[in-house]
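This briefing goes through a few local features of one protein chain. Please keep the sequence and the structure at hand while reading.

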Amino acid sequence: MHDPVGVNGSIKIDCNGTTKKILIHDIHLEEDSASMDHFTDVSLINYNRAGVPLLELVTEPCIESPEEAVAFLEEMRRIYQYANISDADTKKGQIRCDVNVSIMDVDSKELGTKVEVKNVNSFGNVYETIKYEIERQSKLKDKGRYDEVVQETRRWDEESGTTKRMRTKADAIDYKYFVEPNIPKYKIDQNWVEEIKKCIPVLPNERKIKYINEYGLSEYDANIIIKTKEYADYFEECVSLGMDKKIAANYLIVNIIAYLNKEAVSLNEFYLKPNLLNQITTELENGIISSKQAKEIFNKSLEEQKEPKNFISKDNAQLSDSNELESIIDNILSNNTSQVEAYKNGKTNLFDFFVGQVMKETKGKANPNLTKEILKDKLD
């Protein structure tokens, strides 16, 4: 059973290496009324979105920095995506944020005047909005003009990088809730709640703990993999195919995500599905191909949109026959007696020279680990 909010109504976030609980005030449903686009001297209202249901989550005033705010939003977006509630795409207006900022003295227990900035439409803008408002309010306070900070609604203006006043609040009560007479009270059955809880999929933090504790991944790698549900699902499908967990993680983080960013495509559009990637990693793990060859096959497969097995043959197979390698190494050592003598007299950095000679002789096909193992036995 999974509980995304937690028994205490809170969400755990990781921010700059520190774990913190963000307390939830409430979660409720609303209807979208319209969207507004603000320009230099005019604001336009778009009613096309009117009537679309909204889930609004309100936190307690416990977020203390722009970094914490963005970390919280990223965690909530992951939860929405993992639970299949929404794609939570900021570019499509599927997730927005109202930012409330107030400052107070370090030794004070009273929050200062709250300023609300409406419908900030990207996490980057949320960061800049909070940063700007903290600086604006702090400067006024330092100049003895804090009374100019009034309870009001502002908006973020990307062009100027500032917030601008929209309207002031008449009093301290932002919202007044009234009972809707046409909607009767509905008592939710607890058994139904428990059934819903059982249907909630494994959420990002649970996956992260599993990747670190069970799979032996670093926290850095685990954080990248859980960044989106698509990444995590792709990784887990690779693991289910028997792929080495660290190799699968490395391919996803280093090769696949880099390719997605470069080509501006989604993971759903990515040609090398886990079963195709497995063709490469299986040959790599079995020593049939080298890591360099694996990378070449990876790129070739994507370039030509053909299965990796089409590019794996005897011609590009890695040389892993110990008897053949030993014969090649014996010949190289006998032709480089002065270097062998120098190595034995303490010039151990010549070891890489011998490895290079083997690679040159085999045109890069020698199994590097086996090559080093045989060389070490013969030289030492």
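This is a predicted model: local features need pLDDT of at least 70, side-chain atom pairs count only at pLDDT 80 or more; totals for chains, interfaces and linings use all residues.

Which residues does Thr-281 touch, not counting residues up to four places away in sequence? They are Met-243, Ile-247 and Tyr-251.

- Thr-281 has its place in helix H8, which spans residues 274-285.
- Thr-281 counts as buried because its relative accessibility is 0%, and the cut-off for buried is under 20%.
- Ile-247, one of the residues that Thr-281 touches, belongs to helix H7, residues 245-263.
- Ile-247 has a relative accessibility of 22%, so it counts as partly exposed.
- Beyond its neighbours within four places in sequence, Ile-247 is in contact with Thr-281 and Glu-285.
- Ile-247 and Glu-285 are 38 residues apart along the chain, and 9.1 Å separates their C-alpha atoms.

**Helices H12 and H13**

- Helix H12 covers residues 351-361 and helix H13 covers residues 368-379; their axes come within 10 Å and cross at roughly 125 degrees.
- That angle makes H12 oblique to H13, because angles of 65 to 115 degrees count as roughly perpendicular and those over 145 as roughly antiparallel.
- The crossing of H12 and H13 is right-handed.
- On the H12 side, the contact is made by Phe-351, Phe-354, Val-355, Val-358 and Met-359.
- On the H13 side, the contact is made by Pro-368, Thr-371, Lys-372, Leu-375, Lys-376 and Leu-379.
- By type, the residues of this contact of H12 with H13 are eight nonpolar, one polar and two charged.

- Strand E1 (residues 10-15) and strand E2 (residues 18-31) run antiparallel and are joined by six bridges.
- Cys-15 has Thr-18 in E2 as its bridge partner.
- E1 and E2 form a hairpin, with two residues between the strands.
- In the turn of this hairpin, Asn-16 has a positive phi of about 55 degrees.
- E2 is also joined to strand E5 (residues 53-59), by seven bridges, and E2 and E5 run antiparallel.
- Glu-31 stands opposite Pro-53 in E5.
- As a general point for reading such strands, side chains in a regular strand alternate between the two faces of the sheet.

How values were computed: Residues are numbered from 1 along each chain as its sequence is written. Side-chain values use heavy atoms; hydrogens and water are left out. Axes are lines fitted to C-alpha atoms, for helices over the stretch in contact, and angles run from 0 to 180 degrees between N-to-C directions. Helices (H or I, at least four residues) and strands (E, at least two) are DSSP runs, numbered from the N terminus. Angles under 35 degrees count as roughly parallel, over 145 as roughly antiparallel, 65 to 115 as roughly perpendicular and the rest as oblique. A crossing is left-handed if the near helix is turned anticlockwise from the far one by less than a right angle, and right-handed if clockwise. Contact means heavy atoms within 4.5 Å. Ala, Val, Leu, Ile, Met, Phe, Trp, Tyr, Cys and Pro count as nonpolar, Asp, Glu, Lys and Arg as charged, and the others, Gly among them, as polar. Two strands pair if DSSP finds at least two bridges between them. Buried means under 20% relative accessible area, exposed over 50%, partly exposed in between (1.4 Å probe, protein chains only).
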